[in-house]
Amino acid sequence: MSTFDEIFLQIMTYNSKPARESNQLVFGIRAVIEAINAGKEIESLYIQRGLGGPLLNELKAVLQEHHIIALQVPVEKLNRITMKNHQGAIAFISPITYQKIEDIIPQIFEKGEVPLLLILDSITDVRNMGAIARTAECAGVHAIVMPARGSAQINPDAIKTSAGALYKIPVCRHDNFMQTVKFIQESGLQLVCCTEKTTDYLYTPDYTAPTAIVMGSEEDGIRNEIIRISDHLAKIPMYGEIESLNVSVSTGIILYEAIRQRCFAAAN
């Protein structure tokens, strides 16, 4: 049994809540170091504010090596997660392995397929994330791209809501989000932003071309930096008194307009 496996046996289920399964929580500085060195995907990492010492310095070196960002939090927050001996460090392991969009786009073209990507700009609700992933997988989206910070965690709630789609569709989480968006555009994909800040409806863009559809956060929409460089802005017609749709519903509407166009083009 490896060192990590031995430590991993100490992982606990706290509060018996389904949103945090026992195989997601790792606590203790040494356990967190071993988890990272074992190649585990860290969903989030909390370190006690003001903590010091040689072992913590070792953890910081490992974080720097693997480009992992830790949040400095008061000890009270850590104690609310677990009262076990966390030593000032608690990590949650992601149930999925994140991929790099730089690797995925060339593979799509090599297969002779027309890329269809979904860019999620800071979607924070885990159930929306799960519902979007389910629709995206059904629609044949090649990958989901999102920022590393300010996005919903891929946790058991998200997995359950996605009906397992998050295990099937590649998810790419990048630190420099704007640089990633520009890379996608420079790779030959048009950026179509779904936003109300336009007079053009979602039927206007030609989705038979290589396309990345951008959906904004529930609160703030798509950031202005992306809107400024986008190739198309597209809005969903609204005729009722309520002026907005849930982001997962909006995603389904625009994705299936893209699929409608692609299916029609293939049939003709």
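Tutor: Ile226 counts as buried because its relative accessibility is 0%; buried means under 20% relative accessible area, exposed over 50%, and partly exposed in between, with a 1.4 Å probe and protein chains only. The model is predicted, so local features need pLDDT of at least 70 and side-chain atom pairs count only at pLDDT 80 or more, while totals for chains, interfaces and linings use all residues. Residues are numbered from 1 along each chain as its sequence is written, and side-chain values use heavy atoms, with hydrogens and water left out.

Ile226 belongs to helix α9, residues 224–229. Helices (H or I, at least four residues) and strands (E, at least two) are DSSP runs, numbered from the N terminus. Contact means heavy atoms within 4.5 Å. With neighbours within four places in sequence set aside, Ile226 is in contact with Asp121, Phe177, Met178, Val181, Cys193 and Val214.

A disulfide is a pair of cysteine sulfur atoms within 2.5 Å, and a search of the whole structure finds 0 of them. Cys193 is accordingly in no disulfide, and the nearest cysteine sulfur, that of Cys194, is 9.0 Å away. Cys194 is in no disulfide either; for Cys194 the nearest cysteine sulfur is that of Cys193, at 9.0 Å. Cys193 has 0% relative accessibility and therefore counts as buried. Cys194 counts as buried too, because its relative accessibility is 13%.

A nonpolar core is a set of buried Ala, Val, Leu, Ile, Met, Phe, Trp, Tyr and Cys residues joined through side-chain atoms within 4.5 Å. The largest has 35 residues, of which Leu118, Leu120 and Ile213 touch the most other members. At least two residues of this core come from each of β5 (116–121), α6 (126–138), β6 (143–147), α7 (156–161), β8 (190–194), β9 (211–216) and α10 (247–267). Apart from it lies another core, of 21 residues, which includes Val214, a contact of Ile226.

Leu118, in the largest core, has a list of contacts of its own. Leaving aside neighbours within four places in sequence, these are Ile132, Ala136, Val141, Ala143, Ile144, Val145, Ile213, Met215, Thr251 and Leu255.

Elsewhere, helix α2 (residues 29–37) has 7 of its 9 residues buried, so it is largely enclosed by the rest of the structure. The buried ones are Ile29, Ala31, Val32, Ile33, Glu34, Ala35 and Ile36. Gly39 follows α2 and has a positive phi, near 90°.

His67 has a phi near 55° and sits in the loop between α3 (54–65) and β3 (71–73). With a relative accessible area of 62%, His67 is exposed. Ala163 has a phi of about 55°, and its place is in the loop between α7 and β7 (171–174). Ala163 is likewise exposed, with a relative accessible area of 52%.
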